Amino acid sequence: MKQGTIRIDDLEQLIAGILKSFRMYAPVADGGGVALSELKKGQSPLLDYHGLKKPIKELFFPQSETILKSEGDALKSVPVREEKRIVFGIRPCDARALQQMDSVFADGEYRDPYYTARRRDTLILSLACREPQDICFCTSIGGGPFDERGSDVLMFKDADTLLFQACSSAGTSFLTEFNDHFKRPTAVLTETRKKAVAKARKKSLRFKGERLFDRLDGSLEPAFWDTLAWRCLGCAVCTYLCPTCHCFTFSDQSSTDGGERSRNWDACSLELFTREASGHNPRSSKGQRIKQRIMHKFRYAKENFGDTFCVGCGRCISNCPVNMDIREIIGGIIQ
Ligand code: SF4
Ligand code: SF4
């Protein structure tokens, strides 16, 4: 795979070159946290940060998006804005989550034209995690701090140097296009990277997740889920901030000039998600809804798409208002 290194002091020049032909999104300080934001000339991305508060799915699958407009009797679909984009410096778990979203929106028989166009026009340059946080558990569920899945280029930072390694043909083309900015990696840097992979993997391994699929065979008693529900508020923060949760609903609005249809995020952890017009709700209790979320992520997704729909990013742990911890739920399942 094609590789190249750049001194961090020289990154500004590379970014200036990229901005001539791409819109670029990268982590920047935002209040007390870190957000993905469009980078302007002269702005530097954050390289030493733990994780983005919000997942990057919004760039491909916005929280709310108008897809149809009507004017008089005419109904028109809203076209996707075509633009070349680079997402720079996201963590490998978020890139892997995109691959899981692809299996829903882009790889099957029915393809979402909005999502597919944005994925086609976006390069993903992720940044390996040397120091996974306490809430991270990517290695426990088949990922890793240096996972290449979903990335076009995986970067590795060591002191004042960034090592770029292509992971796809689009990534190779990117490194070729900007070849003048890169040097060949030294043997010392290659060796440092190898040692960092092993160290980071060890740090993000919390449990053995392979048993999850078999344990979620439907034999867990309803009481198991109802006990979890006692604490959960049903606020759906965990679902909205999850990089792989992708349920949506449609909403129609009309005015005297016409109307529009929008697609909006929805969440299986909300009571209204399954409530039918008759008032009947097949998932009327919080226990049933927690069960659905866990079964979907760790059993149904694997049956339907061959991978779990959790990347171990830990967002649902750090943002839950009542400190629900998905690792404890998993621990209770696989014990
Ligand atoms: S964030 Fe916590 S309280 Fe809110 S729905 Fe998720 S698990 Fe329940
Ligand atoms: S379920 Fe939690 S840990 Fe897993 S990907 Fe979603 S937010 Fe991250």
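Figure 1. The protein chain is divided into domain 1, residues 3–203, and domain 2, residues 209–334; the bounds come from an automatic or database domain assignment. The structure is a predicted model, in which local features need pLDDT of at least 70 and side-chain atom pairs count only at pLDDT 80 or more, whereas totals for chains, interfaces and linings use all residues. Residues are numbered from 1 along each chain as its sequence is written, while chains are lettered from A and ligands numbered from 1 in the order in which they are written. The centres of the two domains, taken over C-alpha atoms, are separated by 26 Å. Their contact takes 33 residues from domain 1 and 27 residues from domain 2; two residues are in contact if their C-beta atoms, placed from the backbone, lie within 7 Å. On the side of domain 1 that touches domain 2, strand E4 (64–71) and helix H2 (92–105) each supply at least two residues. Helices (H or I, at least four residues) and strands (E, at least two) are DSSP runs, numbered from the N terminus. By class, this side of domain 1 has 14 nonpolar, 12 polar and seven charged residues. Ala, Val, Leu, Ile, Met, Phe, Trp, Tyr, Cys and Pro count as nonpolar, Asp, Glu, Lys and Arg as charged, and the others, Gly among them, as polar.

**Figure 2. Surroundings of ligand 2.** Ligand 2 is surrounded by 13 residues, of which the closest are Cys242, Cys310, Cys313, Arg315 and Cys316. A residue is near a molecule if its C-beta atom, placed from the backbone, lies within 6 Å of it. The shell comprises eight nonpolar, three polar and two charged residues.

**Figure 3. Crossing of helices H7 and H9.** The axes of helix H7 (residues 222–229) and helix H9 (residues 286–305) come within 8 Å and cross at roughly 105°. H7 is therefore roughly perpendicular to H9, a term for angles of 65 to 115 degrees. Axes are lines fitted to C-alpha atoms, for helices over the stretch in contact, and angles run from 0 to 180 degrees between N-to-C directions. H7 contributes Pro222, Trp225, Asp226, Leu228 and Ala229 to the contact, and H9 contributes Lys286, Gly287, Gln288, Ile290 and Lys291.

**Figure 4. An open sheet of four strands.** The strands follow the order E5-E4-E11-E10, with antiparallel pairing; two strands pair if DSSP finds at least two bridges between them. Strand E5 (74–77) and strand E10 (248–255) are the edge strands, each pairing on one side only. E10 is joined by eight bridges to strand E11 (residues 258–265), where Glu260 is the bridge partner of Gln253.

Notes:
Parallel < 35°, antiparallel > 145°, perpendicular 65-115°, else oblique.
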